[in-house]
Amino acid sequence: MSAGYHHGYQQPRRPMPPQRPMKKKRRPGRVILVLLLVLVLGAVGFGFYVDSTLTRIDALPDYEGRPAETPGTTWLLVGSDARDGLTQEQKDALATGDAAGRRTDTIMMLHLPDNSAAKPVLLSIPRDSYVAIEGNGRNKVNAAYAFGGPQLLVKTVEGATGVRIDHYMEIGFGGFSDMVDAVGGVDICIDEPIKDPLAGIDLPAGCQELDGPKALGFVRTRAFATADLQRVQNQRKFLSALFEKVKSPATLANPFRVIPLMSAASGSVSVNTDDHVWHLASVALNMSDAASGTVPVGSTPTVPGAGSVVQWNKEKASQLFDLISKDEPVPAELIAPPK
């Protein structure tokens with residue numbers, strides 16, 4: 001071969017191997033964002049569902065002379081002893097008995113201030129408080145509910161305190177027990193043993209976890225020397241512990257707790273016609289942080305036809321409710337438990 005031939009020769013090029021399609025990089029941040037969005041939308045949707053299943057009642061009366069609108073937000077929280085909807089097995093398990101009708105074992109006022117200098121206030125109104133009830137003279141405050149339901153009870157409390165009620169919540173025996181079980185029980189410390197067959201409890205002294213039935217017995221029992229005055233202290237103590245657990249991450253981040261909790265609430269809580277689940281959330285978020293106490297008590301005389309009653313200390317009670325209606329800080333000594 002000539003040198004020129006070699007100079008002009010070119011070897012054929014090898015064909016390029018086919019290129020594989022490039023894989024898209026996975027973005028874990030985007031996946032997490034999508035999952036969070038799905039969870040949020042699911043929670044919001046479930047919240048609206050629960051809101052739609054709440055029992056609503058016309059609880060706030062419209063009458064001449066009603067206290068004017070005041071700063072802050074005031075709730076009337078009522079524990080009813082109604083046995084409606086409970087099977088005989090449930091009545092036996094909860095030691096509720098078979099009494100017909102509805103009464104109020106628990107009456108509390110929760111004030112959530114607009115004033116940043118004031119703390120929320122959770123105030124027990126003893127059910128034996130001797131007050132004026134329209135059309136029924138003077139009687140124990142819980143009789144107002146028996147005479148005229150929620151509206152007469154609200155009107156009676158407003159008349160006795162001068163504080164306007166903005167929201168109303170009522171819960172029955174079964175619903176309370178279910179809520180406690182939904183959060184996995186509640187830890188509580190008891191100073192002395194409590195044995196009360198009527199409430200279905202036999203509790204040792206010390207710190208312990210109460211399930212639904214035991215918790216219901218604890219807040220119902222009056223087996224104390226001061227009867228209802230000690231009971232209202234126990235009720236506030238337990239409710240604060242319950243709502244502290246309700247708002248904890250261990251509950252809110254656990255669908256196996258939060259879903260049963262909201263289902264229990266929707267099936268057993270009654271609210272005023274204009275109240276919603278997001279209003280109830282404000283109760284749960286503020287209950288455990290509230291300064292708690294009882295309406296100042298003056299005496300506990302026996303009144304013909306009414307039995308043993310609770311009479312308020314007029315001067316201190318008037319000062320207390322005046323501060324609440326003005327949304328001003330409440331001194332601890334005004335709501336300290338009676339000695």
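Which residues does Phe176 touch, not counting residues up to four places away in sequence? Select Phe176 and look around: Ile171, Ala215, Leu216, Val219, Phe238, Leu239 and Leu242 are in contact with Phe176 (contact means heavy atoms within 4.5 Å).

A word before moving on: this is a predicted model, where local features need pLDDT of at least 70 and side-chain atom pairs count only at pLDDT 80 or more, while totals for chains, interfaces and linings use all residues. Residues are numbered from 1 along each chain as its sequence is written, and side-chain values use heavy atoms, leaving out hydrogens and water.

Together with Phe176, they touch the most other members of the largest nonpolar core, which has 44 residues. Such a core is a set of buried Ala, Val, Leu, Ile, Met, Phe, Trp, Tyr and Cys residues joined through side-chain atoms within 4.5 Å; buried means under 20% relative accessible area, exposed over 50%, and partly exposed in between (1.4 Å probe, protein chains only).

Now go to the disulfide, a pair of cysteine sulfur atoms within 2.5 Å. Select Cys189 and Cys207, whose sulfur atoms are 1.9 Å apart. The torsion about their S-S bond is about 95 degrees, so this disulfide is right-handed. Cys189 is partly exposed at 33% relative accessibility, whereas Cys207 is exposed at 62%.

For a last stop, select Lys155 and Tyr63: Lys155 lies over the face of Tyr63, 4.6 Å from the ring centre. The rule here asks for NZ of Lys or CZ of Arg within 6 Å of the ring centre and within 35 degrees of the ring normal.
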